[in-house]
Each structure stands twice: as structure tokens, then as C-alpha cells.
Amino acid sequence: MGSVAARADELPLARRERARHGFSVRRLLVSALQWKTFSAGIIILLAFILAAVFAPIVAPYDPVKPDYQALLQTPSGDHLFGTDDKGRDIFSRVVYGTRISFTIAVVAVGIAAVIGIPLGLFAGFFGGWADAVTGRFIDALFAFPVLLMAIAIVTITGIGLKGAIIAIGLIAIPEFARVSRSAIVAEKENDYVLAARTVGSSVPRIIFRQILPNTLAPIVVLISLGFAFAILNETALSFLGLGAQAPIPSWGADLSAARRYIRDAPWLSLFPGLAIFFLVLALNLSGDGLRDLLDPRRIRR
Amino acid sequence: MGTYIVRRLLQGIPVLLIISAVVFAVVAFIPGDPAAVILGHAATPENVAALRHQMGLDKPLPLGYASWLSQVIQGDLGNSILSRQPVWVLISRALPITLYLTIFSLLIALAISVPAGTIAGLRRNSWLDVGFTTWAFLGVSIPGFWLAIVFVYVFGVLLGWVPLQGYISLREDPVESLKTMVPPALTLGVLLSGPLTRYLRSSILQTLSQEFVLVAHAKGLSERKVIAGHILRNSLIPFVTVLGVQFSYLIGGAVIVENVFALPGIGDLVVSAIGNRDYPVIQGVVLVVATGIVLINTLVDILYAVLEPRIRIGKGSV
């Protein structure tokens, strides 16, 4: 498709590529990075999923029960990541925190997908007036910084884990609507849509049974990146004291509590932060990798 | 040019109206009677009625919104429930601190990402490119508040660079002021440099594939002239529009960073307002920030049109 244009695009690059023919460790690393990202992401992700599912087996201690004999201990054989100001094993709290994070990610992304995807699909399908209104609305919502908007919504939903999940689900709606809208706008011009209309299929049937399966790629990618978004924002809300409340083992809330001990017990701040980083990284890696796998055109870049 | 600017400014009006409606709705949808909730124990029928009137809650929703909006347009954002001060006063005290933080952060982000993105784009697949691209990818996965804590540890505990928390204004003591602002601004700047580097790199790659670059080489221009006069110039134009979008991200990040470093900016204002159920303050901050972001995006679009004549001639896609 459009091979002349494609070749013209490659001209300067081709010149560069020819310059380094032969074997190159550097180039090997580049392609390894491109192909291995997805599997690296999935492997880290699997480790987190196993930790969440088998938390009672993986975690050596009760994550909530205080132990006043073991306050603020440095990492050791007994306590892999050390203990916090209530003597609780940080490793166990991080492991149980995985459960909380996955729950939040799934529920919040579920809310965003169930509302945002149909909204975008219908707006994109009908076009015209409905689309213009939805489009303006989505534009307007993008003017709110996500975290600030989440904070404002927490005023309605109430402080706590439930309120934070709803808030994060709601702030992700515009992005879901935008992506599914642009996906359907390109897809609805296809002949099969016309054919379905001709035989008298209803609009919801055309949208959900005919078009949706063909526009799934960007939506699947969006969902996996949405998990990362949800986790980053929930931990931020919990860090500000607006999300999960003590004694729930939440990475964000634990980091907030750890701040007081930054001088005397910095490891308290290290491990929950690393957990967030690696889980979000895994989700981003697999999301980006998924995009390349589902869209062969992108791999060549 | 004039018509473009007018058209672009007019486009902002419906967006601002929707924003104000959303902000109004946030409080209108609070379960129960928001006025009674706000006043708590101090609620008497008279002051509940007065507050309901101030917040536009004593009329049917559309009318209530209209009367609330007309007050807002006249610059009346109501009074804080807690301190009884006008919301406008609280915001005008906090906003300069947030702007100071965000602009400082933006400068740091640019100082990192412009050279990094340029080198990564021009020397594609080099070690530097692999390094910068990897950093850009890792960077988006780092939680901002955690990086802030890491900087508290590095600057406060390891380097002993005190004071680490609290705010000193530029007027009071410029040197100390900048010093206390370095760790928070570095947090946001480093985080922002990731996506900016990534964007500039792909923008440069796109420019490199344009025919005019080939022509410039063919004319026999020196490599330096081609890079500075042709490639960079054309790659930086789309980069400017991204900066507008990133401002929203910066303000969101400022909420977190202000919390960690105890800076009394608008993030701090809104977080403490939630705890106190100080709804007029929350409404005011969200409204002012969103309006500011719409204005910045409009300005960036106009700037874009000034730098890039093609936008003006074609129908604006926005």
C-alpha cells in the first residue's frame, strides 16, 4: 500500500542503515528492546498476579496485625524488606498491596470502559450534531488535570478506597471515549458496514457485533495502559490521604506514612515505591508491546 | 491572521461553559444538602438558606447554574467555609507559588529534553538514543510522589541541603528561595523530561524524512546549518503545542509535589479543602486551573499559527 510514499520516507534512513552494515551489538540491543519488551512486561506482570493470588502463601506475616516487639527493623532474613512503625512486615504489606492495586485497576478501568467506549462508539458512528457535542465535552474534560479532577470527584464520592476507585474510573472516561471514537470513525466507512445496514441490522448490532471486533486493537491497548493509569492515580490519591485508609495495605498510603521516617528508616519509603514502579512499568511494557503485536505496521519503525 | 485568532478565541467559549457546568455539578451532586453538610453544627435555617442562595442551589439546576455563573463572571467565587475569606483571595495567594514551581519545572524539563531529544533523533539507534529512549520509557512509570520522597532523601538526608520543606518567596530571599525550590522543581522537571524527549525525538525523525532536508543537503549546506536551520526549526514547532498539553500535567503533578515539600500552592489549598469539606474553595481552584489551561492551549494554538503559516490557511482541525 502506497509503496512509493513509503520508500520516499525511508530515503534518509536507508542511507544511515547502509552506513552500518555488518554485525552491531548496538543494533542487536535495539531490536531486542523492541521485541522483548512485551515478554518482559508480561513476565513481571505474571509475578505480580501470582503474588496477588497467592498472597496468604507468599506473605510470611499478617499484613495488618501490629508487632510491638519488632518496630522499624532494617531489612533482614526475618523481615526481607524490614518492618514499619507498627512492627508490621513490609514485604507482607507490599504483597497484599498487590491485591488492592489490581482490584482498583480492574474496577476503575471497568467503569471507564463501560461508559467511555459506548459513548465514543455512538458519537463516532452517528457523527454530525451528537458527535460535535460529545467531542466538545471530551475536549473540555481534558482541560482538567486528571489528579485535580479526581480530587474534586472524591468530594462527591467520599474519602476512601471506594470513592477513589469511582473517581479514577470517571476521570478515565474521556480517554476511552476519544480512542474508541477515532477508531470507529475510520472503520465505519467500510463496505461491510454498508452491507449490514442494507440488510437492515439495527445500529447497536452494527456497532457492537460488526464494528467493535474490528476496532478492538486500540481499545485493548488502551485498557492495558488504563490499568497503569489507574494504579498511578490511586496510589497518588491514597498518598494524599484521600484513598485507601489505614490499616489497609495500600502502597500509596504506606508511602505517605513512611515519609515521617525518611531520616531514620528510609527503607520504609523504598519498597512500596519500587512495587508501584515495577507494576506500572510492566503494564506499560505489555501495553506498548501489545500495540506493536496488534499493529504490524508499527514494528517496522 | 486576525480572523484565525478571533475564531480560535471563540472556540474556547463553549469549552469554558462546559467546564463551569462540570464544576457546578460537582457540588450540586453531593449527596444530601451541600449547604447543610458544609455548615455542619452551625446550620440554622437562615444561614443554610443564605448559603444555598450563594451556591445557586435554591433554584432548579439550570437557573441555579446561571445565577452561580453570573457571580463567577463578576469575579465572585464565594467565601471559604473555613477561613471565611473570599476564595479569590486564597487562590491569588497560592497560585503564584504553583506557577513559580511549574515554570521552574518546565525550564528544567526543557534543559534536559531539548538536547536529549535532538541527539536521540539525529543519532538514531546510537547508544545515546537507546539510553534516552529507555529513560523516557522508564520515566513514565515512576510515581511522582515517590520520586519526590527520593529527592527529599537525597537532598535532605544525604546532602543535608536544608531547609527541605516550606516556602520562601523570591522577594524575601532569592538565593534561599531558589534553593528550596530546586528539589520540588527537579521532581516535576525530571518526570516531564521523559515524555518531552520522546516527543522531540519522533518529531525530529519525522522532519528528517522530509524532502527539504534532502534538498538542503544537496545544496551543499554544512551539516550544522541543515540541523540548526532546517531540522531543529521545523521539529520544534509541533513541540511547542505539546508543551501546552503538558501544562495540565504539570499542574496535576504540582498537587503531589506541593504536598511532599509543604509548599502552600493551590495543590495544597485544594487537598486541605477536601479534608474540611470547603466546597467553594474546591470549586474555585478547579475552575481557575481549568480556565487557565484552556487559555494556555488557546495561546499555544495561536503561537503555532504564527510560527506555521500552513495552519492559518487550512481549516484549523481543532
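User: What order of elements does chain B run through from the N terminus on?
Analyst: Happy to start there! Elements here are DSSP runs numbered from the N terminus, with helices (H or I) needing at least four residues and strands (E) at least two. From the N terminus on, chain B reads α-α-α-α-α-α-α-α-α-α-α-α-α.

User: Before we go on, what kind of model is this, and how are its parts labelled?
Analyst: This is a predicted model, in which local features need pLDDT of at least 70 and side-chain atom pairs count only at pLDDT 80 or more, while totals for chains, interfaces and linings use all residues. Residues are numbered from 1 along each chain as its sequence is written, and chains are lettered from A and ligands numbered from 1 in the order in which they are written.

User: How many helices and strands are there in chain B, and what does its C-alpha trace span?
Analyst: Chain B has 13 helices and 0 strands. Along its principal axes, the C-alpha trace of chain B spans about 80 × 55 × 35 Å.

User: What percentage of the residues of chain B count as buried?
Analyst: A residue is buried if 20 or more other C-beta atoms, placed from the backbone, lie within 10 Å of its own; 12 or fewer makes it exposed, and anything in between partly exposed. Of the 318 residues in chain B, the share that counts as buried is 38%.

User: Is Ser141(B) buried or exposed, and which residues is it in contact with beyond its sequence neighbours?
Analyst: Ser141(B) sits in the loop between α6 and α7 of chain B. Because 20 other C-beta atoms lie within 10 Å, Ser141(B) is buried. Two residues are in contact if their C-beta atoms, placed from the backbone, lie within 7 Å. Leaving aside neighbours within four places in sequence, the contacts of Ser141(B) are Phe277(A), Val280(A), Leu281(A) and Asn284(A).

User: How many residues does the contact take from chain B and from chain A, and how do those of chain B divide by class?
Analyst: The contact takes 43 residues from chain B and 42 residues from chain A. Elements giving two or more residues to the chain B side include α1 (2-28), α10 (223-261) and α12 (279-307). For the classes, Ala, Val, Leu, Ile, Met, Phe, Trp, Tyr, Cys and Pro count as nonpolar, Asp, Glu, Lys and Arg as charged, and the others, Gly among them, as polar. By class, the side of chain B that touches chain A has 36 nonpolar, 6 polar and 1 charged residues.

User: Is Arg84(B) buried or exposed?
Analyst: Arg84(B) lies in the loop between α4 (61-73) and α5 (87-122) of chain B. Its phi is positive, about 65°, although Arg84(B) is not a glycine. Because Arg84(B) has 7 C-beta neighbours inside 10 Å, it counts as exposed.

User: What is the phi of Asn125(B)?
Analyst: Asn125(B) is in the loop between α5 and α6 of chain B. With 19 other C-beta atoms within 10 Å, Asn125(B) is partly exposed. Although Asn125(B) is not a glycine, its phi is positive, at about 70°.

User: Which residue with a positive phi follows α4(B)?
Analyst: Helix α4(B) has 13 residues and reaches 18 Å from its first C-alpha to its last. The expected span of a helix is 1.5 Å times one less than its number of residues, and α4(B) is close to the 18 Å expected. Following α4(B), with a phi near 90°, is Gly75(B).
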